[in-house]
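The sequence and the model come first.

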Amino acid sequence: MSVRTLFRSRAMAVLLATAALSLLIFPQQVKKPARIMNTDPQLRLQWYDQQVEMKKTSKFKDLKWQFLGPTNISGRCTDVAVVAPKGKAYTMYVAAASGGVWKTDNEGTTWAPVFEQAASTAIGNIAIAPSNPQIVWVGTGEANIFRSSQSGAGVYKSVDGGKTWQSMGLAGTNTIARIVVHPKNPDLVYVAASGHEWTANPERGVYRTVDGGRNWEKLFYLNDETGAIDLRMDPLDNETLYAAMWQRTRKKWNDPRNEVQSKDSGIYKTTDGGKTWKPVNTGLPEGKFRGRIGIDICLTKPNILYAFVDNYEKARDPSEAERADSYGLPSAGIIKGATVYRSEDKGETWKQTSGLTPEQKQFMERHSNTYGWVFGQVRVDPGNENTVYTMGLGLNVSYDGGKTFQELDSPGGDHHALWIDPDNSNYLVNGFDQGLAVSYDKGKTWKSFQDTLPVCQFFNIAYDMGTPFKIYGSMQDHGSFRAPVDLGRGRDRIPAQKFEGAPGGEGSNQAIDPSNPNVVYSAGFYGTISRTEYDRPGTAPGRPFSKTLLPRLFENEPKLRGEWLAPFILSPHNPNILYHGMQFLFRSLDRGDTWERISPDLTLATASEMGDIPYHTLFAISESPLKYGLIYIGTDDGQVWMTKDGGKAWIEIIAGLPYQKWVSRLAASQFDMATVYMTQNGKRDDDVAPYVWKSMDYGKTWMDISKGIPLGPVNVIREDPVDRNILYVGTDQAAFVTTDGAKTWNVLGGNLPSAYIHDLIVHPRDNIVVLATHGRGMWALDANAVNAKDKRRGRFFGN
């Protein structure tokens with residue numbers, strides 16, 4: 001075993017007043033295994049079926065999860081489908097990015113989930129058969145591929161207005177961008193599949209079924225990096241379709257972007273129902289500059305089409321103020337970005353219409369900020385070919401054929417869906433990151449459903465020790481919030497709550513001082529960290545004191561790399577001690593006011609994998625509740641480390657683990673000093689196998705304890721505060737519990753939807769399990785039926 005001696009930074013040397021203190025790092029000599037990628041789609045469906053059967057037979061199937069809220073906040077809606085004509089029906093379906101499909105029959109007065117139990121409830125698209133509104137198609141897998149998107153499991157079909165659903169195949173596509181149902185023949189359906197998010201795969205392109213989904217034919221395919229991101233049918237000639245193809249693969253260190261090999265994104269056309277296709281890109285940017293493309297056809301004048309292109313042609317160098325994006329990451333240059341083109345000859349030629357004046361050029365550059373790959377939706381007024389809408393940070397409209405755009409005053413941001421009533425174009429239904437809204441006056445005013453559509457996306461959960469205790473969490477594109485868990489009416493009658501704002505941003509972790517619930521720590525984008533004090537003397541009501549705590553660097557020190565949800569914890573031995581993870585581990589002994597670096601770079605730090613998104617960072621930290629300074633570290637590139645002496649020496653503990661699999665959680669046991677639990681997450685390899693591990697020798701060897709959990713990915717593991725044999729696990733699908741030390745597992749509770757469980761806690765005093773889901777809000781369960789109530793010790797073990 002080799003030993004490397006690494007020296008702490010000059011900052012640490014100053015803090016410790018020594019120039020000779022060294023850190024020892026002991027890497028394990030292990031054989032590099034092959035990377036596990038791309039779970040077989042049929043195996044995934046088989047695993048899901050096993051999970052469904054487990055739920056039916058679970059000894060905890062009669063326990064009921066209680067929805068905690070928020071009752072005042074919604075979440076990202078990716079598509080909307082409306083039964084036409086309006087007036088004869090008031091039925092709408094809305095697709096939540098990771099919260100299933102919801103339906104209203106009274107134009108949004110009330111909503112009910114109609115698609116919430118499936119191998120994936122991440123939704124890319126919904127389509128109603130024009131000839132029979134009882135036939136509804138759902139494509140799973142959000143095509144916008146956000147950092148937290150879930151993969152889909154194919155297409156589903158209902159023939160009874162959403163009461164029941166049947167899986168209809170294409171499970172290997174992972175993302176579905178568009179479904180087009182023939183206007184007269186409901187068995188003839190086209191699907192645009194955009195493919196895997198993280199890896200190349202052949203299950204992408206344009207598919208067709210002529211028998212209602214029993215069989216599928218791949219009509220159009222370019223390569224294993226290029227999928228179909230949009231699809232439109234000529235309303236007068238149903239043999240003519242247009243497909244927008246997008247060449248993209250997301251990397252762990254880069255958002256989807258055009259790269260050296262990018263050349264295949266573009267628009268293709270068929271006039272024989274998909275038998276043959278030809279490119280129709282004359283007038284569009286060169287292939288190497290074409291990113292994601294959205295297309296639409298004017299219903300009454302189908303010779304007129306619009307293309308909305310994420311254009312990678314460089315517009316200019318960034319100004320001093322633009323050298324960092326909205327998340328503080330560096331900008332290499334300003335691309336043209338959102339660019340609108342118009343065709344008046346059915347796609348044969350295109351002409352740029354947008355951004356041709358200095359004012360409009362600036363407007364379009366800012367249209368989608370630095371993440372144009374998220375958007376790409378365009379809609380044409382069915383009765384006016386010169387009115388066109390584009391979706392980006394805002395909902396934008398042009399009344400002059402795409403020459404001049406202006407932003408409508410809508411109730412949300414980051415827009416993804418728009419339905420225009422073909423019989424009354426004043427009526428709009430708009431989906432965005434904060435929910436869904438309708439307008440009766442062409443966007444002048446809106447009615448929002450944010451309080452009746454509970455599909456918010458939490459990243460994390462934390463709790464305090466107040467009475468009643470509060471739960472904290474951060475939500476996608478909302479910020480951070482908190483609410484009390486009110487047990488006053490009984491443990492089985494916990495009410496759903498409105499949530500109020502809390503310290504942190506949209507991607508944050510929180511930790512609350514167990515001795516003072518008014519002191520809240522929060523980590524924001526990519527490792528920023530702060531302390532908020534609600535009770536600090538001299539602070540005005542509603543304006544708590546807040547201090548930024550990020551460790552400072554000298555000029556010659558390496559730039560810090562922090563994850564989107566950078567990890568930090570309070571020491572279970574002293575709440576004034578903080579640990580904060582970047583590529584190094586930092587420790588503060590004084591509530592974050594000063595820091596010392598107590599590790600070298602614990603990641604692989606591969607130079608070729610340093611991109612726009614921080615990668616090779618710490619993601620999981622756990623300190624033993626039984627021994628101060630016994631710390632475990634896990635990284636996003638699969639590295640695991642342990643120190644027994646507060647960081648003086650680090651030992652690598654990866655023998656027997658899958659190669660570079662993201663470490664999603666570490667939990668040092670509170671019952672046995674040598675025991676530690678770990679979960680790993682294969683999402684970024686398009687791998688949905690469960691990875692759950694236990695070590696009883698400080699990580700020297702690992703035991704696989706996932707048997708009995710059929711389907712991952714796994715996001716979190718927690719040890720019960722009282723019973724050493726009870727463990728809780730949260731996956732992208734369900735909550736699991738073992739009461740016999742992982743010999744057997746049970747699905748926990750019988751009424752939870754297929755929910756993306758990002759995090760969970762067990763309150764150590766009140767014995768309540770709370771889940772933070774990414775798509776269905778927070779849920780609570782009385783744990784007295786899982787462990788013995790009279791064993792409660794009220795001991796705090798940190799967040």
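## Terms and basis

Two strands pair if DSSP finds at least two bridges between them. Strands (E, at least two residues) and helices (H or I, at least four) are DSSP runs, numbered from the N terminus.

The model is predicted: local features need pLDDT of at least 70, side-chain atom pairs count only at pLDDT 80 or more, and totals for chains, interfaces and linings use all residues. Residues are numbered from 1 along each chain as its sequence is written, and side-chain values use heavy atoms, with hydrogens and water left out.

Leucine 418 is placed opposite asparagine 430 of strand 29. Strands of a sheet pair through backbone hydrogen bonds, either parallel or antiparallel.

Strand 22 (residues 334-343) is mostly covered, with 8 of its 10 residues buried; buried means under 20% relative accessible area, exposed over 50%, and partly exposed in between (1.4 Å probe, protein chains only).

Strand 21 (residues 305-316) runs antiparallel to strand 22 and is joined to it by 9 bridges. Here arginine 316 faces isoleucine 334 of strand 22. Strand 23 (residues 351-352) is also antiparallel to strand 22, through 2 bridges, and its lysine 351 is the bridge partner of arginine 342.

## The second largest cavity

The whole structure contains 4 cavities of 30 Å³ or more. A cavity is a set of points, on a 1 Å grid over the protein atoms alone, where a 1.4 Å probe fits but cannot get out; lining residues have an atom within 4 Å of a point. The second largest cavity has a volume of about 100 Å³, a volume being the space filled by probe spheres set on the points, which are joined across faces, edges and corners.

This second largest cavity is lined by 17 residues, and the closest to its centre are Thr78, Gly124, Asn144, Ala177 and Gln377. Two or more lining residues come from each of strand 4 (77-82), strand 8 (123-129), strand 12 (176-181), strand 24 (377-380) and strand 28 (415-420). By type, the lining has 6 nonpolar, 6 polar and 5 charged residues. Ala, Val, Leu, Ile, Met, Phe, Trp, Tyr, Cys and Pro count as nonpolar, Asp, Glu, Lys and Arg as charged, and the others, Gly among them, as polar.

## Cysteines

How many disulfides does the structure hold? There are 0, a disulfide being a pair of cysteine sulfur atoms within 2.5 Å. For cysteine 77 the closest cysteine sulfur is that of cysteine 456, at 11 Å, which is too far for a bond. Cysteine 77 is buried because its relative accessibility is 1%. Cysteine 456 also counts as buried, at 1% relative accessibility.

Histidine 763 sits in the loop between strand 56 (757-762) and strand 57 (768-773). With 0% relative accessibility, histidine 763 is buried. A polar atom of its side chain lies 3.1 Å from the backbone nitrogen of aspartate 766.

Valine 180 belongs to strand 12 and, at 10% relative accessibility, counts as buried.

Methods: A polar contact is a pair of N or O atoms within 3.5 Å; within protein, one must be able to donate a hydrogen and the other to accept it, and residues adjacent in sequence count only if both atoms are side-chain atoms. On a 1 Å grid over the protein atoms alone, a cavity is a set of points where a 1.4 Å probe fits but cannot get out, and a pocket is an open set with protein on both sides within 12 Å along at least five of seven lines; lining residues have an atom within 4 Å of a point.
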